[in-house]
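User: Could you walk me through reading helices and their packing in a model like this one?
Analyst: Happy to; let's take it feature by feature.

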Amino acid sequence: MADMNSDMVEADDNVVMDGDFFDHEPSKTEKLDMRKANKPPSEWLKLLCRDWVVDNEALVDSVDEKFLIYKSYLKGMMSPQLLCRLSIPHAKDSSVDGSATASTPVDLWGVLGIDDDFDKAYIIAQIERFSSLYNIRGQPPSDDVEGIFGEHLSTSVDQATAAAAAAGIAVSPQGVVIPSTAWNLDPTAAAAAAAAAAAAADVNNTAGKLTKKQAAEVSKAHKMAKDAERALEVERKQTQKREQRRLSVERKEQRARERETIAVRKASERATRDATREERRRKKLEIRLQREKFAQEQKEAALKRAAELVASNRVPIEITRGSAAAKAAANAAVAAVGVPVPTPEEEALQKKSRSSIVVSTASDLHRIVTHAKNLWTKYNAIAKEHNQKVNWITVARELGIHVKVREKYQRMHSRAEQRGFDWKKNGHWKIKDHPQIFLEPTQAEQKAKMPPPPPDPATTVLIDHSEASKDMVDQVTNDAVAAAAAVVDAAGVKVEGVAGDHEVPTDETATAAAAA
């Protein structure tokens, strides 16, 4: 073995000295010899990466020592199969998206002290060229097969038919054809196939007679073939089950990813809806606060104008000249300016703007009612001087509210006064929060609205249309007529259609007598 390795080294050196290692096309014998060779890592580097070794002699000298320390049981030697297996990346199973990944089991050259990634890539590329050129990781050449199995397989087609059929090997008239799966047979299976072939040859030679040994070998070959078939079937079923489990796991993972995506999308949509709803709520709140603030400012301005109106000397013209004269004077002034005077129908159709005074607290109610009373007192005193009369419509119009609204405020104020409400202490109270003080009618109002009591049955005379009632009515009527006639006779009044002449006295005595 050592002599063969030395011869191979010498042959390789000759190839290297003559030219590039990869420029030479090896023969079948050279390929077989190269597959059987064993070299230290430095020799492989010198053989495959000659130019790189010249520039990195220090690394090459330390490679063998590091490899011996790394795996001492290999005695510092490395076969071409191990060199290619550890250097060339092998493809893994395809991932879900269809892409395949490649990796090496061990970073061999990094362990041996070569840290530069480019240098390692160059060395691996050279080893791949070497593996492809000498078919290191492929099937052995056909010549080698004949050398290995020549002593077991006969060249006679008739003698190998039974053994080939038992081992699952196809046979043609030109000879025995071994499929690619036959190279995976173990030596025991190969020996069984050879024994079956020999037995078949002996059968043909002995005219169909088998010895016990031959029959046992044939039975053993058949049994091994059946076992191999069952093992292949089991392996096929297991592979199918593994594929089904893998697909099931992939489907579950896909569904889980879809559920997660849907959950994330729904959560995002929910967050967006919540944010939008919160934004709308915030905007509505801001608008309401602005509206309330504006209404409060308008109310304060209106109450301030009412207080200024009470304190000012302004007097409506209808108080001093009457409403008809005031309206006529106003229409004349408008006509003089040239503005058309609206008719009563047009005035009724015009929508009146809402008053700025919206009472919400007890203080607002007290202020507007007080201003109305003071203004009415002022206008009433002026109107008496001009022989006029002030009504609440004029006062309400001057305050900027409707007369019915003023009456409502007056009722609410009167109820609170009757119930002893403290306007200074509790002026901040909301009217809607205390309806028992401002909105519920008092007992006097409830009594005024009560219907009259029903008639007393003891003093009520029911009219009956029976015969007795009719006689009683006639009697009462006759008595009344007689009494009236007596009064007339006593008075001396002459009445046509009455027997006798009667004179009517004109003095007071006769009148008194008639009255008696």
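**Reading the helices**

Analyst: Let's start with helix H12, residues 212-311, whose 100 residues reach 145 Å from the first C-alpha to the last, close to the 148 Å expected at 1.5 Å a residue. Keep in mind that this is a predicted model.

User: Is Ser131 buried or exposed?
Analyst: The cut-off for buried is under 20% relative accessible area. Ser131 has 9%, so Ser131 counts as buried. This serine sits in helix H8, residues 117-134. Leaving aside residues up to four places away in sequence, Ser131 touches Cys84, Ile88, Ile136 and Arg137.

User: How should I describe a pair of helices?
Analyst: Two packed helices are described by the angle between their axes and the distance between the axes. Take H16 (residues 362-385) and H17 (residues 392-399): their axes come within 10 Å and cross at roughly 125°. That angle makes H16 oblique to H17. The crossing of H16 past H17 is right-handed.

User: Which residues of H16 and H17 meet?
Analyst: From H16 come Ile368, His371, Ala372, Lys373, Leu375, Trp376 and Tyr379, and they meet Trp392, Val395, Glu398 and Leu399 of H17. Sorted by class, this contact has eight nonpolar, one polar and two charged residues.

Terms used
Residues are numbered from 1 along each chain as its sequence is written. This is a predicted model: local features need pLDDT of at least 70, side-chain atom pairs count only at pLDDT 80 or more; totals for chains, interfaces and linings use all residues. Side-chain values use heavy atoms; hydrogens and water are left out. Helices (H or I, at least four residues) and strands (E, at least two) are DSSP runs, numbered from the N terminus. The expected span of a helix is 1.5 Å times one less than its number of residues. Buried means under 20% relative accessible area, exposed over 50%, partly exposed in between (1.4 Å probe, protein chains only). Contact means heavy atoms within 4.5 Å. Axes are lines fitted to C-alpha atoms, for helices over the stretch in contact, and angles run from 0 to 180 degrees between N-to-C directions. Angles under 35 degrees count as roughly parallel, over 145 as roughly antiparallel, 65 to 115 as roughly perpendicular and the rest as oblique. A crossing is left-handed if the near helix is turned anticlockwise from the far one by less than a right angle, and right-handed if clockwise. Ala, Val, Leu, Ile, Met, Phe, Trp, Tyr, Cys and Pro count as nonpolar, Asp, Glu, Lys and Arg as charged, and the others, Gly among them, as polar.
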